[in-house]
Amino acid sequence: RDIAKKRKLPFVGSFHTLIPYATHYISKRKDVQDIAKSVAWKYLRWYYGSCDITIVPSNTIKELIEKERFTNVRVVENGINLIPYEKSVSDRPSFNLTDEDFIILFVGRIVKEKNLEVLISASKNIVKEIPNAKFIIAGKGPEENYYKDLVAKEGVNDLFKFLGFVPDSKIFSLYKSADIFVFPSKFETQGLSGIEAMASGLPVVGADYLAISEIVKNDYNGLLFDPDDENDLLEKVILCASKKKKFSKNAIETAQKFSIENTTNKLLEIYNELYINKKII
């Protein structure tokens, strides 16, 4: 920021994490969280206020931060290279899964904001309707042991498999090995793993919260559910399973919007605009 100012160059900021929504890491007390949230927004307004343009990955976040008095906000989605997802093939044996298993997958950082409690709570009833259902959790994070303990407490150890970190060499085949992707998170500024799932042909059952609703289109490429309602999640998983073929085709189509080529072109348009306006030599 200081270098850009000194050299009179345009300064572009990227806003991809809702820091004010993570104040629970500071304290469990609501009054402390409220103060921390206020301070965080104040600092972010100051920092991004010096930017010529602030880039966000979704319209949801654009609207949210504009309400917090941010200006010159543009949307450029995080893009992905679609080719590895399109070309990958299922490899269930490498994950100790069988062809008979109905795989409900989550991929992401294992933290409380991902709201995996609702999936764990719903699992007992989901398996009553889909007897061969198995729940795969891929990723690492500070709450991994908390969720493993919760699975044990709920008596569903036999339904869940925690894979930990899955490298790129295997993540593509993991997506292709699944049947449905469940995305209960309450923290997403875009929801990149949901897009990766769609690029692999997976329908997504996603939380109707923040930016996920920009990716998941109800009854088109998946279904949205109330992230605080395990019964709603149960209903949507069962319905999604019955419409898997239709949703899968539309999910692949949706993912095309987020190709790295499309998102890079949007970014280039912004830089070209700044180049012209600032007459950079």
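1. By class, the residues that line the largest cavity divide into four nonpolar, two polar and three charged. The structure discussed in this note is a predicted model, and every point below should be read with that in mind.

2. For a reader new to the idea, rolling a probe the size of a water molecule over the atoms shows where empty space is left.

3. The next points turn to helix packing. Two packed helices are described by the angle between their axes and the distance between the axes. Helix α8, which covers residues 192-199, packs against helix α11, residues 244-255, at an angle of about 120°, and their axes are 7 Å apart. Angles from 65 to 115 degrees count as roughly perpendicular and those over 145 as roughly antiparallel, and α8 and α11 are therefore oblique to each other.

4. The crossing in which α8 passes α11 is left-handed. On the α8 side the contact is made by Ile 195, Met 198 and Ala 199, while α11 contributes Ala 251, Ile 252, Thr 254 and Ala 255. Sorted by class, the residues of this contact between α8 and α11 comprise six nonpolar, one polar and no charged.

5. A second pair consists of helix α5 (residues 117-129) and helix α10 (residues 230-242), which pack at an angle of about 45° with their axes 9 Å apart. That angle makes α5 oblique to α10, and the crossing of α5 and α10 is right-handed. From α5, the residues in contact are Val 118, Leu 119, Ser 121, Ala 122, Asn 125, Ile 126 and Glu 129, and from α10 they are Glu 230, Leu 233, Leu 234, Val 237 and Ile 238. The contact of α5 with α10 has eight nonpolar, two polar and two charged residues.

How values were computed:
Residues numbered from 1 in each chain as written. Predicted model: local features only at pLDDT ≥ 70, side-chain atom pairs only at ≥ 80, totals over all residues. Heavy atoms only, no water. Nonpolar A, V, L, I, M, F, W, Y, C, P; charged D, E, K, R; others polar. Axes fitted to C-alpha atoms, helices over the stretch in contact; angles between N-to-C directions. Helix = DSSP H or I, 4+ residues; strand = E, 2+ residues; numbered from the N terminus. Parallel < 35°, antiparallel > 145°, perpendicular 65-115°, else oblique. Left-handed = near helix turned anticlockwise from the far one by under 90°. Contact = heavy atoms within 4.5 Å.
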